[in-house]
Amino acid sequence: HWGIHAQQHADPTLLLTRDHYATVGARGADLRPGCLTYVLDDSDHGRECVDAICDVTRLSETRLHRRPASYAQYRSAPAMYRRADVPTWVRAFADARFVVTDSFHGTVFAILNNTPFVTITNTGRGSTRFDTLLETVGLSDRLVTSADDARAVVQRGIDWERVNEVLGC
C-alpha cells in the first residue's frame with residue numbers, strides 16, 4: 001500500500017529469554033494464581049469466557065487487572081484497583097496454572113512461560129498481531145470468540161516443545 005514495503009518484526013518482549021523474566025519475577029509477590037485473568041476490557045462476553053474456563057479447569061480466578069467503572073468506584077476501594085508492579089506481574093504469568101487474557105502481552109507471557117492459556121478476541125484493540133503471533137507458534141486455536149469456544153480449547157493440550165522450538169527457547 002502507498003508504495004511502502006512493510007516488514008514484520010518480533011515484539012521486543014520476545015527478544016529476552018524465559019530465564020531473564022524468571023529473574024525479574026523472583027522479586028515479585030507470590031499471588032499463587034490458579035486461573036490468572038488479565039483482561040483489559042471488561043465485557044459480558046469476556047466474563048462469560050472467564051467463568052467458563054474457571055468452571056472447566058476447576059481453578060479459582062486471580063485477577064491481575066481491575067478497571068473501575070468510575071472515579072467514585074475507584075475512590076471507594078483504591079486498593080482493589082492497584083496495579084501489580086512489574087516483578088509481580090511477570091511472576092504471576094510464570095506461576096499460573098492457566099491464563100485467560102485479552103491482552104497481546106498477556107498472551108506473550110503465557111507462551112513464554114509455557115502456561116496453558118486462552119486469548120479472548122478483542123476486535124476493538126485489533127486482532128492482527130494476535131493472529132500473527134498465534135499462527136507463528138501453531139496456537140491459532142487458542143484465540144476464542146465465545147464461552148463455548150473457550151470450553152472446547154481448554155480441553156486441548158499444547159505442544160510446548162514445538163512452540164519453544166519455533167521461539168528458539
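Helices (H or I, at least four residues) and strands (E, at least two) are DSSP runs, numbered from the N terminus. The model treated here is predicted, so that local features need pLDDT of at least 70 and side-chain atom pairs count only at pLDDT 80 or more, while totals for chains, interfaces and linings use all residues. Residues are numbered from 1 along each chain as its sequence is written, and side-chain values use heavy atoms, with hydrogens and water left out.

**Exercise 1. Determine how helix 5 and helix 6 are oriented to each other, and which residues make their contact.**

Solution. Begin with the axes, which are lines fitted to C-alpha atoms, for helices over the stretch in contact, with angles that run from 0 to 180 degrees between N-to-C directions. The axes of helix 5 (residues 104–112) and helix 6 (residues 128–136) come within 10 Å and cross at roughly 10 degrees. Angles under 35 degrees count as roughly parallel, over 145 as roughly antiparallel, 65 to 115 as roughly perpendicular and the rest as oblique; helix 5 and helix 6 are therefore roughly parallel. Next, list the residues in contact (heavy atoms within 4.5 Å): helix 5 contributes Phe104, His105, Thr107, Val108 and Ile111, and helix 6 contributes Arg129, Phe130, Leu133 and Leu134. Finally, sort them by class, where Ala, Val, Leu, Ile, Met, Phe, Trp, Tyr, Cys and Pro count as nonpolar, Asp, Glu, Lys and Arg as charged, and the others, Gly among them, as polar; the contact of helix 5 with helix 6 then holds six nonpolar, two polar and one charged residue.

**Exercise 2. Carry out the corresponding analysis for helix 5 and helix 8.**

Solution. The axes of helix 5 and helix 8 (residues 160–167) lie 10 Å apart, and the two helices pack at an angle of about 110 degrees. Helix 5 and helix 8 are therefore roughly perpendicular to each other. Ala110, Ile111 and Leu112 of helix 5 meet Trp160, Val163 and Leu167 of helix 8, and the class count for this contact is six nonpolar, no polar and no charged residues.

**Exercise 3. Show which residues of helix 1 are buried and how they are arranged about its axis.**

Solution. Buried means under 20% relative accessible area, exposed over 50%, and partly exposed in between (1.4 Å probe, protein chains only). In helix 1 (residues 18–25), the residues Tyr21, Val24 and Gly25 are buried. Seen down the axis of helix 1, they fall within an arc of 95 degrees (taken over the directions from the helix axis to the C-beta atoms), so they line one face of the helix. Asp19 and Thr23 are exposed on the other side of helix 1, whereas the buried residues pack against helix 4 (86–95) and helix 5.

**Exercise 4. Characterise the loop residues Asn113 and Asn114, and then Arg58.**

Solution. Asn113 is placed in the loop between helix 5 and strand 4, and its relative accessibility of 18% makes it buried. Leaving aside neighbours within four places in sequence, Asn113 is in contact with Arg18, Phe93 and Ala94. Asn114 is found in the loop between helix 5 and strand 4 (117–120), and its phi is near 55 degrees, a positive value in a residue other than glycine. Most residues other than glycine have a negative phi. Arg58, in the loop between helix 2 (44–57) and strand 2 (61–63), has a positive phi of about 60 degrees although it is not a glycine, and at 76% relative accessibility Arg58 counts as exposed.
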